[in-house]
Amino acid sequence: MSRGQLGSVRKEYSLRELDVSDVNANPIDQFEGWFKEALEREGDEANATTLSTIGLDGHPNGRIVLLKFYSEDGFTIYTNYNSVKGQELSNHAFASLTFYWKSLERQVRIRGNVEKVDPVISDEYYNSRPRASRIGAWASPQSQEIKNREVLEEKEQFYENKFDGLETIPRPEGWGGFMINPTTIEFWQGRPSRLHDRIVYQLDGTDWKIKRLAP
């Protein structure tokens, strides 16, 4: 294969099918069913998702993050509020999440409005994290330029010493959760000949409308 020529890289999708008659009336119930299957098939990183935001320069920006909670209210991720994604989510309160589960030939796309999680909830999640991760939240000036890795290691040691002997480490004020409140959720099932199944839920007031889309 010549460099950059990827036309011959193909996969035929044929594991499952998806129809409007197959899905739950509630998209969160539908997501939960698919997510449980993904956990069984893909393990503990089934919650990896692409978070897409609007950059401070107006350009799109994406990165892989880990979903930490979902409910009827929305989908929650955690980050440093002063990081690039934290600033983007604060400045443009609209974002999307994209899950792809290769073993199931499935994709889920979620679009919605963004809000910060209640500080009490952020505290609860922060305190559930391993101690090293809690220290790391203090040590990393996320997204800022640093001279070398030693800068991080020195900060890590500083906070290890500062919180030595403390069972409860306070959550950094600039660290917490964002919840994406969905307005659109699309479920994609790979099918043969690129004639994939796409079922989309769109929020209409307080009701979800279900439609089939062409692939």
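This briefing walks through some of the salt bridges in the structure above. The model is a predicted one, and it holds 13 salt bridges. Let's meet three of these pairs, along with how exposed their residues are.

**K11 and E105**
- K11 pairs with E105 in a salt bridge whose closest N and O atoms are 3.4 Å apart.
- This pair links distant parts of the chain, 94 residues apart: K11 sits in the segment before α1 (27-42), while E105 sits in the loop between β5 (94-101) and β6 (106-116).
- K11 counts as partly exposed, at 36% relative accessibility.
- E105 counts as buried because its relative accessibility is 4%, and the cut-off for buried is under 20%.

**R131 and E160**
- A salt bridge also joins R131 to E160, with the closest N and O atoms 4.0 Å apart.
- Here two helices are linked: R131 belongs to α4 (residues 131-139) and E160 to α5 (residues 149-162), and the two residues are 29 residues apart.
- R131 is partly exposed, with a relative accessible area of 28%.
- E160 is partly exposed too, at 28% relative accessibility.

**R212, D197 and their network**
- R212 forms a salt bridge with D197, and their closest N and O atoms are 3.1 Å apart.
- Because R212 lies in strand β9 (residues 207-213) and D197 in strand β8 (residues 197-204), the pair ties together parts that are 15 residues apart in sequence.
- Both residues belong to one network, in which salt bridges that share partners join E17, D19, R191, D197 and R212.
- R212 counts as partly exposed at 38% relative accessibility, whereas D197 is buried, with a relative accessible area of 5%.

Note on methods. Residues numbered from 1 in each chain as written. Predicted model: local features only at pLDDT ≥ 70, side-chain atom pairs only at ≥ 80, totals over all residues. Heavy atoms only, no water. Salt bridge = Lys/Arg side-chain N within 4 Å of Asp/Glu carboxyl O. Helix = DSSP H or I, 4+ residues; strand = E, 2+ residues; numbered from the N terminus. Buried < 20%, exposed > 50% of the residue type's maximum accessible area, 1.4 Å probe, protein only.
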